[in-house]
Amino acid sequence: HALHACPRRYPSAPLPPPMAKSRGQPKLLSASDGGKMNAAERKRLSRYSRGDGNSSKGVTKPGLKRSIKRGEAKIGAAERKAAQAEVLQPSEAGFLEAEGPLERTCRVRQSQLAAMVDEQTAAKAYEVQLPDLGPYRVAFTANGRRLLLGGRKGHVAVARWEGGFHVLSELQLRETVRDLTFLRDHTMFAVAQHKNLYIYDASGTELHCLRSHRPDVQRLAYLKYHWLLATVGSTGQLRYLDVSTGENVSDIRTRLGECDCMRASPYNAVVHLGHTNGTVTLWTPNMHEPVAKLLCHKGAVADLAIDRAGRYLATSGRDGTLKVWDVRTYRPLHSYRTPRPVTSMDVSDRGLLAAACGAAVQVFKDGLAARASAPYMTHRLPGREADTSTTRPRHANDASTTRPRHARDTPETCPRRVHDM
């Protein structure tokens, strides 16, 4: 009784003003504003919705009813916090925009771009001189953190490219290197050498020598969701190797002669082969006949590139043409004439097509679904010749990545190129 009768020794803190009552949900931008959400905020909140919740109506047990209500309240709070944090994420990728009709983005140089962007972005643009052991083949890991370089004269290096070019390990094989690729992650990679196919670990230690892939392997492609390594050689033999067991899953004779052009679709892992007679064939390991066959060029096929959604196929031929095909209908969409045959191509996840043509690498924006009137960017290599053009997969920690709801760490690409001499 005495405890209740004694006065307060310290003044109490002022109470916050009562929140205005509203029939709708509270606004996202202000926690103290109880007004209704506008249409833009409702649309933003719907992107993070986790579906219809569990209703406690009709539940007779009091404990279960309270548990359902608490769970739904936590989910609703998480949705609102995710919608509020969306303003901190960039909604669009950064691209060059011309100020007037007379300005061309393809005339902007890399040195000019590095002076206009922030320091973190400018640090990603650098040049590494490797003039003695090239030309080089390039491969990235699925998350884009590691870079694998393979010189024609036997030089192989694993590097970390973020924040500068840092070589983690390198080795000299003293024989021809035709192609190379990472396997499941950066801990193992495969190298197609002069006679045999070899597998090494990240430190350069030889793990396996696969003599069953003779006489030689020209191109490699790793199917990361199937743990299969696809190889094709000078005899036109297409082989699928299970990297988990070391056994050949399938051995297919294409009967189309030597093949040095192969690309696996990132959407469905169908292997595309480009042949010397101008045709492109599509293969799966469970069929010994091509699932589709396209006559793309009048001359030999130089390189292939497939977008991430598996809808568009870009082919380049020795006849000096670059064509874009609709894989859903197997019909050509449009064609480009190049001053020199395109030797290497790649498509980023945002749909940018990079084509190495002589002493320059041209990048086309929105050039797959529609015909591009001019290159979006041009990177010139005076006195040199571009041999390989590759876009780097971007991991989820990149600042320019907008992560979808409930998305895992899926590789996304940015328009970065690595040019080999």
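These legends walk through several close-up views of a predicted model. Residues are numbered from 1 along each chain as its sequence is written, and side-chain values use heavy atoms, with hydrogens and water left out. Because the model is predicted, local features need pLDDT of at least 70 and side-chain atom pairs count only at pLDDT 80 or more, while totals for chains, interfaces and linings use all residues.

**View 1. An open sheet of four strands.** Here the strands follow the order S17-S18-S19-S20, and their pairing is antiparallel. Strands are DSSP runs (E, at least two residues) and helices are runs of H or I with at least four, both numbered from the N terminus; two strands pair if DSSP finds at least two bridges between them. Strand S17 (301-306) and strand S20 (331-337) stand at the edges with a single partner strand each, so one side of each has no neighbour in the sheet. On average, neighbouring strands of this sheet are turned by 20° against each other, direction ignored (axes are lines fitted to C-alpha atoms, and angles run from 0 to 180 degrees between N-to-C directions). Within the sheet, five bridges pair S18 (residues 312-317) with S19 (residues 321-326), and leucine 313 stands opposite tryptophan 325.

**View 2. The second largest cavity.** A cavity is a set of points on a 1 Å grid over the protein atoms alone where a 1.4 Å probe fits but cannot get out, and lining residues have an atom within 4 Å of a point. Among the lining residues are Leu313 and Trp325, together with His272, Asp326 and Tyr330. The lining divides into six nonpolar residues, one polar and one charged (Ala, Val, Leu, Ile, Met, Phe, Trp, Tyr, Cys and Pro count as nonpolar, Asp, Glu, Lys and Arg as charged, and the others, Gly among them, as polar).

View 3. In H2 (residues 39-46), Glu41, Arg44 and Leu45 are buried (under 20% relative accessible area; exposed means over 50%, and partly exposed in between, with a 1.4 Å probe and protein chains only). Seen down the axis, these buried residues fall within an arc of 100°, so they line one face of the helix. The arc is that of the directions from the helix axis to the C-beta atoms. Ala39 and Lys43, on the other side, are exposed.

View 4. Tryptophan 227 has a positive phi near 55° and lies in the loop between S9 and strand S10 (228-233). Its relative accessibility of 35% makes tryptophan 227 partly exposed.

Methods
1 Å grid on protein atoms, 1.4 Å probe; cavity = no way out; pocket = protein on both sides within 12 Å on 5 of 7 lines; lining within 4 Å.
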